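Please take a moment to open the sequence and the structure side by side. We will walk through them together.

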Protein chains: 2
Amino acid sequence: MHVLITGAAGMIGRKLTERLVKDGRLHGKAVDKLTLIDVVKPQPPQFSSKVDAAVSDLSAPGAAAKAVAERPEVIFHLAGVVSGEAETDFEKGYRVNLDGTRALLEAVRLAGGYHPKFVFTSSIAVFGAPFPEAILDDFHLTPLTSYGTQKAICELLLSDYTRRGFLDGVGLRLPSIVVRPGKPNKAASGFFSGIIREPLAGQDALLPVPDSVLHWHASPRSAVSFLIHAAGLTREQLGPRVNITMPGVCCTVAEQIEALRRVAGDKVAGRIRRAPDELVARIVAGWPSRFDPRRALALGFTVEKTFDDIIRAHIEDDLGGRIAN
Amino acid sequence: MHVLITGAAGMIGRKLTERLVKDGRLHGKAVDKLTLIDVVKPQPPQFSSKVDAAVSDLSAPGAAAKAVAERPEVIFHLAGVVSGEAETDFEKGYRVNLDGTRALLEAVRLAGGYHPKFVFTSSIAVFGAPFPEAILDDFHLTPLTSYGTQKAICELLLSDYTRRGFLDGVGLRLPSIVVRPGKPNKAASGFFSGIIREPLAGQDALLPVPDSVLHWHASPRSAVSFLIHAAGLTREQLGPRVNITMPGVCCTVAEQIEALRRVAGDKVAGRIRRAPDELVARIVAGWPSRFDPRRALALGFTVEKTFDDIIRAHIEDDLGGRIAN
């Protein structure tokens with residue numbers, strides 16, 4: 001089986017690559033080729049099967065056709081500009097997140113007689129306030145960011161291309177993924193990781209929003225397991241509504257901080273400093289905080305039970321079990 | 001006030017033009033220029049103010065920029081390929097309905113310092129089965145046609161361009177508009193008009209779906225009044241959710257036929273012949289039939305009370321009061 005990952009140099013892309021390399025198989029079939037593309041060159045992993053790692057901007061002419069020329073059976077389309085950048089650079093956000101995705105869908109369609117599994121990472125940013133207390137699966141998408149708008153549009157395209165029989169799509173509305181390892185990115189949600197990651201690494205972290213902010217989270221490990229699970233769902237299981245809100249852990253920033261205190265102690269939790277940022281607070285205020293993701297649960301998607309589990313996943317997967325006390 | 005109408009040669013475009021010419025004003029301001037564009041040349045009306053009527057395909061390079069070069073204060077964007085054609089010609093549907101609309105939105109954005117009222121005609125085809133008994137304003141959009149997908153995408157764009165301050169958008173999800181005067185078009189919903197229009201003109205009409213089909217209707221007269229009303233709504237009234245399901249009359253095909261019998265007699269109603277068409281029946285089966293359009297009603301949109309009223313509007317507006325007995 002040939003698997004293509006776009007956005008492969010990103011955090012989720014790297015972790016998904018690691019997981020596929022470790023498993024060597026995807027839903028019972030050996031992965032005999034892995035193609036990794038991104039706007040910066042992905043690091044090719046040590047793998048017994050063939051690996052192609054290349055620089056590619058899917059919104060550039062010909063890039064999408066080249067990406068699918070060898071007809072990978074499974075496409076994990078993770079590439080995209082993050083929410084903060086899509087908000088500050090309107091044109092880049094639409095070019096990368098909308099035109100890049102559309103180019104990839106079109107390349108698949110125009111290949112003809114090609115019908116890959118197409119797993120797309122959407123986001124809970126497709127939803128916009130005001131919200132009911134818990135958002136059901138049939139709640140409308142009224143995004144309050146350009147990023148959320150672009151994701152919602154791609155969901156619609158994915159659904160139509162699936163319905164028309166050009167590919168077999170599934171879109172996953174990911175929770176805010178925490179704890180992201182490494183450096184902060186430009187996502188407006190970045191601080192949710194920062195307030196855990198930096199203290200665990202012995203550094204102070206800035207908290208731009210009030211402690212009362214409630215949000216919906218999953219670990220990178222869960223994000224990867226969502227993607228893998230989605231690739232195994234059949235058309236019959238999915239039906240016509242192929243875009244699905246993923247399960248998550250709902251908690252406030254205050255609860256996140258208390259979880260950090262329980263897992264890593266007072267000294268670590270004491271490294272969080274309040275630094276209110278109006279732009280971030282405004283963006284986050286329009287985001288959803290709690291879902292009732294019945295479809296995802298019925299389809300077998302699973303997630304951490306508590307925010308403590310999410311912190312522990314980070315310590316195990318990214319810190320080799322070590323905390324800076 | 002300068003008003004631009006795209007799709008001005010279409011049925012709603014012509015009736016909106018007539019109404020603006022008749023009123024001479026729009027929400028208290030004199031209409032001193034009317035620009036009418038379409039892919040076929042719109043018929044310029046007799047009007048005391050200036051009228052430009054031109055052929056323009058908004059998806060062609062430069063056409064959208066040209067359309068807004070004189071900065072019309074109000075844009076009624078009605079242009080589009082209908083549902084049947086968007087389903088049979090995938091590429092044309094996306095080019096006209098998505099790329100054409102996006103080009104117009106982009107032309108407005110790139111003009112800079114220009115902030116028109118932008119009234120967009122969406123459709124209830126943005127919804128897709130299965131449905132609750134009555135669809136509320138916060139129900140999700142899961143279109144089952146490419147046309148519905150394109151309209152849903154344009155709604156998202158309209159909302160984001162409004163939020164970013166590039167224009168002042170409002171999208172109206174029109175019911176199936178009946179009775180359409182003139183010749184049948186390629187819309188899959190065309191028969192809803194045909195079974196009333198043809199019998200009233202002394203001709204037989206084909207009914208491609210079962211009598212039990214339930215649907216959501218408004219007259220062309222109401223469609224025009226929706227558009228006019230929308231152009232007068234303020235940003236404060238609309239809030240962030242600028243796309244609104246319009247009110248309609250919910251009835252079955254059997255009830256439509258009975259209404260025709262009441263209004264025009266047995267002989268006229270007897271001109272409807274059953275001619276099942278699987279493609280049309282399948283498309284229509286995925287469409288919504290009943291809404292609870294609270295926002296539209298709260299915002300002051302109004303519609304006919306009964307299907308009899310809809311038939312009478314056709315006889316008055318399009319047949320000069322005459323029925324072929």
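This is a predicted model: local features need pLDDT of at least 70, side-chain atom pairs count only at pLDDT 80 or more; totals for chains, interfaces and linings use all residues.

Residues are numbered from 1 along each chain as its sequence is written, and chains are lettered from A and ligands numbered from 1 in the order in which they are written.

Let's begin with chain A, which has 13 helices and 14 strands; helices (H or I, at least four residues) and strands (E, at least two) are DSSP runs, numbered from the N terminus. Its radius of gyration is 19 Å, close to the 20 Å from the globule rule for 325 residues, so chain A is as compact as a globular protein of that length. That radius is taken over C-alpha atoms, and the rule is 2.2 Å times the number of residues to the power 0.38. Along the principal axes, the C-alpha atoms of chain A fill a box of roughly 60 × 45 × 40 Å. Of the 325 residues in chain A, 52% are buried. A residue is buried if 20 or more other C-beta atoms lie within 10 Å of its own, exposed if 12 or fewer, and partly exposed in between, with C-beta atoms placed from the backbone. Among contacts in chain A between residues at least 6 apart in sequence, 76% join residues at least 24 apart; two residues are in contact if their C-beta atoms, placed from the backbone, lie within 7 Å.

Now find helix α4 of chain A, residues 90-111. Its 22 residues reach 30 Å from first to last C-alpha, close to the expected 32 Å, which is 1.5 Å times one less than the number of residues. At A:D99 the helix bends by about 30°, the angle between axes fitted to the seven residues ending there and the seven starting there. Its buried residues include A:Y94, A:L98 and A:L105. The buried residues of α4(A) pack against α2, β6, α3, β7 and α5 of chain A. Just after this helix, A:G112 takes a positive phi of about 75°.

Some backbone details come next. Most residues other than glycine have a negative phi, and most peptide bonds are trans. A:R71, not a glycine, has a positive phi of about 50°. This residue sits in the loop between α2 and β6 of chain A and is partly exposed, with 14 other C-beta atoms within 10 Å. A cis peptide bond, with omega about 0°, joins A:A129 and A:P130, and A:P130 is in the loop between β7 and α5 of chain A.

Finally, how do the two chains pair? A rotation of 180° with 0.0 Å of shift along its axis superposes chain B on chain A, with an RMSD of 0.0 Å. The two copies are thus related as by a two-fold rotation axis. Superposition is by least squares on the C-alpha atoms of residues with pLDDT of at least 70 in both. Of the residues of chain B, B:H140 comes closest to the axis, at 1.9 Å (C-alpha). In the interface, 19 residues of chain B are in contact with 19 residues of chain A. Helix α5 of chain B (residues 146-163) gives the largest share of chain B's side, eight residues. Because 100% of the interface residues of chain B are also interface residues in chain A, the copies meet through the same surface.
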